[in-house]
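Let's take a walk through this one together. Have a look at the sequence and the fold, and then we'll go from the inside out.

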Amino acid sequence: MADIEVVTTSERHDLDQEAEAAFRPTWPEFIFHDPVTDAYIKRVELYFPYYDIMLLEDGKVVAGGWGVPLQWDGQVSGLPDGGYDGALASAVTGQENAIPADTLCIMAAAVRADRQGAGLAGKALAALRERATSTGLLHVIAPVRPALKSRYPLTPMDNFARWMRTDGLHIDPWIRTHQRLSASILASAPRSMVIKGTVADWEEWTGMAFPESGPYLVPDALDLVDIDREQNRGTYEETNLWMQHL
Ligand SMILES: CC(C)(COP(=O)(O)OP(=O)(O)OC[C@H]1O[C@@H](n2cnc3c(N)ncnc32)[C@H](O)[C@@H]1OP(=O)(O)O)[C@@H](O)C(=O)NCCC(=O)NCCS
């Protein structure tokens, strides 16, 4: 049985390069061009380092996850508008305006490609949950990015959210990992991440050509990418799925 250690990312800058090599390939390039993340991520690192963790297996980086603390009233109607982007903004502005946080919003988790399917993501989620409760946060929520949704970009998230197997668990493996930790589905998170670029940007990010204006299916995108050649703009509005752990 391998030895798993949970570390705070900011305390192990010696592992930065190893972590980048482990996690960067698990994401599509366009994800790294969200302007809201760009605007807030430095302050997230400064304000909330305790909720940014890595799992080391025999000293090697195998999984990671991070979240942000924010105030939430426990109601679906009170979830941050704009999902992932909204949660980032709410956490940072909440901190700057001394609004007390009561909820950890888990923003992302990733597992090194050769260690996926071994339950490590669940361990990362559990470690974040533990940090939330040990610091007095009452709730844990997440704008989940279902792994399988990119195969169904034409299906609205509200429909996809209902696609359960006969055992009552979801057909999506990443939603299942949350469910096994007793998380439940709350609601769709429309416009969770909005990414805009020129047509050339989108061609570079995706390795595809977009010769005409219109909607396109893009690998690893959960929704269609809208290309407008006249305005020289590509727009992607990703819908995520709010889930609640605590
Ligand atoms: C999504 C992710 C975090 C899951 O991590 P994990 O440690 O592999 O998760 P688990 O071991 O709990 O596996 C969950 C399920 O996914 C399945 N699975 C894991 N990796 C898989 C893969 N590469 N392909 C297909 N299924 C996979 C497992 O078999 C398991 O299915 P089961 O419910 O039938 O047992 C990981 O695949 C990943 O890093 N993906 C890229 C980043 C990402 O999309 N993160 C999520 C959005 S924040």
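Leaving aside its neighbours within four places in sequence, which residues is Trp202 in contact with? Keep in mind that what you see is a predicted model. Beyond those sequence neighbours, Trp202 is in contact with Phe30, Ile195, Lys196, Gly197, Gly207, Phe210, Val225, Ile227, Gly234, Thr235 and Tyr236. Trp202 also belongs to the largest nonpolar core, a set of 64 residues, where Phe30, Val68 and Trp202 touch the most other members. Another core lies apart from that one, with 9 residues, including Leu15, Ala19, Ala22 and Phe23. In soluble globular proteins, nonpolar side chains tend to be buried together.

Now for the ligand. It has 18 residues around it, and the closest are Val111, Gly117, Gly119, Arg176 and Arg180. Val111 has a backbone N or O atom 2.7 Å from a ligand oxygen atom, and for Gly119 a backbone N or O atom sits 2.6 Å from an oxygen atom of the ligand. On its own the ligand has 910 Å² of accessible area, and the protein covers 69% of that. Strand 4, helix 4 (120-134) and helix 6 (173-180) each give two or more residues to the shell, with helix 6 giving the largest share, 5 residues. Sorted by class, the shell holds 10 nonpolar, 5 polar and 3 charged residues.

Last stop: Ala98, in the loop between helix 3 (83-96) and strand 4 (103-111). Is Ala98 buried or exposed? Its relative accessible area is 66%, so Ala98 counts as exposed. The C-alpha atoms of Ala98 and Trp174 are 34 Å apart, with the two residues 76 apart along the chain.

How values were computed: Residues numbered from 1 in each chain as written. Predicted model: local features only at pLDDT ≥ 70, side-chain atom pairs only at ≥ 80, totals over all residues. Heavy atoms only, no water. Core = buried A, V, L, I, M, F, W, Y, C linked by side-chain atoms within 4.5 Å. Buried < 20%, exposed > 50% of the residue type's maximum accessible area, 1.4 Å probe, protein only. Contact = heavy atoms within 4.5 Å. Helix = DSSP H or I, 4+ residues; strand = E, 2+ residues; numbered from the N terminus. Near = heavy atom within 4 Å. Polar contact = N/O pair within 3.5 Å; in protein donor to acceptor, adjacent residues only side chain to side chain. Areas by Shrake-Rupley, 256 points an atom, 1.4 Å probe, with all protein chains shown as cover. Nonpolar A, V, L, I, M, F, W, Y, C, P; charged D, E, K, R; others polar.
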